Amino acid sequence: MASPPPPAPRTTALWRDADFRRLWFGQSASQLGEHTGLVVLPLLAVLALDVDAGRLGVLRAVGQAPVLLLSLLVGAWVDRWRTLTVLVVADAGRAVVLGVAAVACAFGLLGLPALLVAAFAVGALSVFFDVAYQASLVRLVPRDQLLRGNSALEGSRSAAQIGGPALGGALVSLFSAAVGVAAGAAFFVLSFVSVRRIRRREPVPGRAGAPDRVGRRIREGVRFVAGDPALRTVGLASAAFQFFLAASMTVYLVLLPRELHLSGAAVGLALAATGPGALVGSLLAARLPGRFGHGAVLVGGALVGDGVMLCVPALHGPAPLVVAALVAVNFLFGAGGQLVNVTVMAVRQALTPDGMQGRVAATITFAGMGTAPLGSLFGGFLAQSWGLRPALFAAAAGMLLSPVLMALSPLARLGRTLPGPGLPLPGPSLPPVGPERPAGTEDGGATARTPEVTGD
């Protein structure tokens with residue numbers, strides 16, 4: 001009798017899931033729209049509206065403020081809603097906002113006040129999308145494939161970091177800012193169409209009707225993160241990183257065109273180099289934690305990715321050489337940062353029960369990205385007070401606080417396997433962990449579990 005065919009590799013099985021592919025494509029298109037906008041809107045402000053570093057810091061802070069204002073509420077709501085509904089509504093809303101902004105820009109009606117409104121609206125809807133897509137992955141794929149699923153989604157974000165900045169800079173330089181804004185709207189439409197085609201239907205969660213009920217659920221998420229040593233450190237390290245990253249980027253986006261005299265296309269090319277590095281980081285994240293341990297990968301990746309940014313303030317010389325150096329720096333920054341992003345997400349999901357995925361993701365996002373508006377304002381203040389190069393050096397040095405916090409915490413002791421929800425973290429005296437097992441399967445898959453954030 002013929003022997004049965006061998007089972008498909010887990011990675012192959014994941015990609016055979018049509019619903020996962022639709023989520024992946026929708027998230028990829030959404031990230032491409034977002035990263036295009038991250039270049040188009042600041043370049044529009046600097047080149048067309050002639051804003052200085054202080055006003056650019058205000059614009060960036062307004063776009064990031066919804067993370068601070070809405071993350072905790074969104075986390076409580078997402079745990080009670082169908083995540084796919086949240087995703088399609090957020091996509092539709094962002095497409096409409098950017099479509100209207102593109103028309104206004106084409107007719108010369110998009111001044112700084114209107115740009116501030118558009119940035120805030122897109123930022124608010126992005127909070128809903130980002131919290132919901134992280135929670136939706138847990139509901140779509142088996143636990144033993146979460147690391148691979150996260151790696152695929154973060155890999156698509158890496159690809160967006162390649163194409164988005166380059167596309168945004170090229171569109172502004174070759175055509176107009178209106179075309180660049182319209183391109184962002186088109187990507188959100190693609191994401192909307194793809195996510196709408198997901199067939200797997202989630203059950204309608206119970207809804208919290210009273211405001212105090214929502215408040216109680218928020219407090220539960222905050223207490224859970226604050227009470228877990230590893231998750232608490234993730235939040236603190238993310239807060240430090242995002243604050244100083246926002247400060248750095250505010251100065252960086254002014255330094256490149258004005259101090260280094262780079263064109264919009266050159267700025268886009270330099271920023272796009274983060275994407276290939278992040279793609280490499282995503283691929284490494286699927287392998288390195290199982291070989292060297294999650295803690296070593298977190299600390300090492302953060303040290304490399306954050307430390308390399310100290311080189312940028314020292315750059316001088318002809319534009320081609322400067323762009324080449326920026327490409328190298330951004331590649332390493334993207335590789336280290338993405339390695340940390342994927343590993344942190346796996347740690348967070350392994351330590352959190354399913355019923356709190358949204359709230360924990362939102363709490364950590366609030367703790368981390370919530371500092372970004374203040375960081376943007378701080379970066380503008382530093383640039384105006386100290387000058388562009390000293391301000392960028394100080395902000396880049398501040399990012400190193402993130403790996404220091406992780407190195408001094410239980411995160412640094414995490415080995416090749418991750419404990420499940422409620423299980424103790426490894427102590428310094430424990431023996432080395434055993435062979436690699438998929439995250440979250442240490443108990444046979446019987447227990448449930450739960451970003452980057454763009455960032456550590």
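Biologist: In which helix is Val280 found?

Modeller: Val280 belongs to helix α11; helices here are DSSP runs of H or I with at least four residues, and strands are runs of E with at least two, numbered from the N terminus. Please note that this is a predicted model, in which local features need pLDDT of at least 70 and side-chain atom pairs count only at pLDDT 80 or more, while totals for chains, interfaces and linings use all residues. Residues are numbered from 1 along each chain as its sequence is written, and side-chain values use heavy atoms, leaving out hydrogens and water.

Biologist: Which helices supply at least two residues each?

Modeller: Those are α11, residues 274-285, and α14, residues 319-351.

Biologist: Changing topic, how many salt bridges does the structure hold?

Modeller: It holds 1, a salt bridge being a side-chain nitrogen of Lys or Arg within 4 Å of a carboxyl oxygen of Asp or Glu. The partners are Asp91 and Arg94, whose closest N and O atoms lie 2.9 Å apart.

Biologist: Why are Asp91 and Arg94 separated by about one helical turn?

Modeller: Because they are 3 residues apart in helix α4.

Biologist: At what angle does α4 pack with α7?

Modeller: Helix α4 (residues 83-106) meets helix α7 (residues 177-196) at about 160 degrees, and their axes are 8 Å apart. Axes are lines fitted to C-alpha atoms, for helices over the stretch in contact, and angles run from 0 to 180 degrees between N-to-C directions. The two helices are therefore roughly antiparallel (over 145 degrees; under 35 is roughly parallel, 65 to 115 roughly perpendicular, the rest oblique).

Biologist: How do the residues of the contact of α4 with α7 divide?

Modeller: There are 19 nonpolar, 3 polar and 3 charged residues. Ala, Val, Leu, Ile, Met, Phe, Trp, Tyr, Cys and Pro count as nonpolar, Asp, Glu, Lys and Arg as charged, and the others, including Gly, as polar.

Biologist: And how do α16 and α17 cross?

Modeller: The axes of α16 (residues 372-386) and α17 (residues 388-399) come within 7 Å, crossing at roughly 140 degrees, and the pair is therefore oblique. Helix α9 (residues 229-259) also packs with α16, at about 45 degrees with axes 7 Å apart, which makes α9 oblique to α16.
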